Amino acid sequence: MGRHRSDPMGITRLAFVGLAVLLLVALIVIGARALLSALGSGDVPEPAPSSSAPASAPTTPAESARPQSTGTQNTGTQNTGAPTVRIVCEADSCPVFVRVPGGDVLIDRDLTQDEQASYFEPELDVVLGDGSAVQVFENGKPRATGKPGERESFKVTRARDH
């Protein structure tokens with residue numbers, strides 16, 4: 001009669017397959033959570049308007065259907081009065097880059113027509129892909145429109161009375 005011996009690698013193979021399946025499931029869960037958090041990060045809640053700051057309500061149905069201020073962020077500064085910079089896209093697509101000097105990038109994407117981005121940080125670096133495609137307000141005051149098709153780069157400092 002022959003020897004009846006179980007395969008010594010049988011259990012090890014099953015353990016490796018089980019571990020591989022477990023790792024695959026973990027990677028899928030981590031990837032899904034990262035994707036959902038990245039997609040959900042565009043919905044930044046807006047601060048409630050204060051009684052001293054005038055509310056700018058949309059005037060047309062097209063404006064009310066679009067986000068009023070997609071870039072408003074609170075990074076520890078008090079959001080009272082006019083923002084340090086407010087950018088309003090007036091073309092179909094407006095490449096915009098805004099960051100805190102030497103620090104965080106606040107926006108680096110194309111805004112769509114009538115979309116706005118407002119920031120309240122004390123100092124900001126702003127780069128516009130086309131200076132004529134956007135309307136820029138520095139501390140509530142309109143900035144001169146750039147030349148069509150030209151890239152525009154400038155710094156904005158928060159006014160002391162704001």
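A: Helices (H or I, at least four residues) and strands (E, at least two) are DSSP runs, numbered from the N terminus. This is a predicted model, in which local features need pLDDT of at least 70, side-chain atom pairs count only at pLDDT 80 or more, and totals for chains, interfaces and linings use all residues. Residues are numbered from 1 along each chain as its sequence is written, and side-chain values use heavy atoms, with hydrogens and water left out.

Q: How many helices and strands are there?

A: The protein has two helices and eight strands. Read from the N terminus, the order is α-α-β-β-β-β-β-β-β-β.

Q: And how much of the protein is buried?

A: Of its 162 residues, 26% count as buried, a label for under 20% relative accessible area with a 1.4 Å probe and protein chains only; exposed is over 50%, and partly exposed lies in between.

Q: What share of the contacts join residues at least 24 apart?

A: Taking contacts between residues at least 6 apart in sequence, 62% join residues at least 24 apart. Contact here means heavy atoms within 4.5 Å.

Q: Which residues does phenylalanine 97 touch?

A: Leaving aside residues up to four places away in sequence, Phe97 touches Val105, Ile107, Asp108, Asp125, Val126 and Val127. Phe97 belongs to strand 2.

Q: Why does phenylalanine 97 count as partly exposed?

A: Phe97 counts as partly exposed because its relative accessibility is 24%.

Q: Moving on from strand 2, where is glycine 103?

A: Gly103 sits in the loop between strand 2 (93-99) and strand 3. With 37% relative accessibility, Gly103 is partly exposed. The C-alpha atoms of Gly103 and Leu124 are 9.7 Å apart, and the residues are 21 apart in sequence.

Q: What is the phi of asparagine 139?

A: Phi of Asn139 is near 55°, which is positive in a residue other than glycine. Asn139 occupies the loop between strand 6 and strand 7 (141-142).

Q: Is asparagine 139 buried or exposed?

A: Asn139 is buried, at a relative accessible area of 13%.

Q: What about the phi of aspartate 114?

A: Asp114 is not a glycine, yet it has a positive phi of about 70°. The loop between strand 3 (105-112) and strand 4 (116-119) holds Asp114, which is partly exposed at 27% relative accessibility.

Q: Changing topic: which ring does arginine 143 lie over?

A: Arg143 lies over the face of Phe154, 3.6 Å from the ring centre. Likewise, Arg86 lies over the face of Phe137, at 4.4 Å from the ring centre. A charge sits over a ring if NZ of Lys or CZ of Arg is within 6 Å of the ring centre and within 35 degrees of the ring normal.

Q: How many cavities of 30 Å³ or more does the structure hold?

A: The structure holds one cavity of 30 Å³ or more. A cavity is a set of points on a 1 Å grid over the protein atoms alone where a 1.4 Å probe fits but cannot get out, and lining residues have an atom within 4 Å of a point. The points are joined across faces, edges and corners, and a volume is the space filled by probe spheres set on them. The largest cavity contains about 30 Å³ of space.

Q: Which residues line the largest cavity?

A: Its lining consists of Leu128, Gly131, Val134, Gln135, Val136, Arg143, Ala144, Thr145 and Glu152. Strand 6 (residues 134-138) supplies the largest share of that lining, three residues. Arg143, one of the lining residues, is also the arginine over the face of Phe154.

Technical notes
On a 1 Å grid over the protein atoms alone, a cavity is a set of points where a 1.4 Å probe fits but cannot get out, and a pocket is an open set with protein on both sides within 12 Å along at least five of seven lines; lining residues have an atom within 4 Å of a point.
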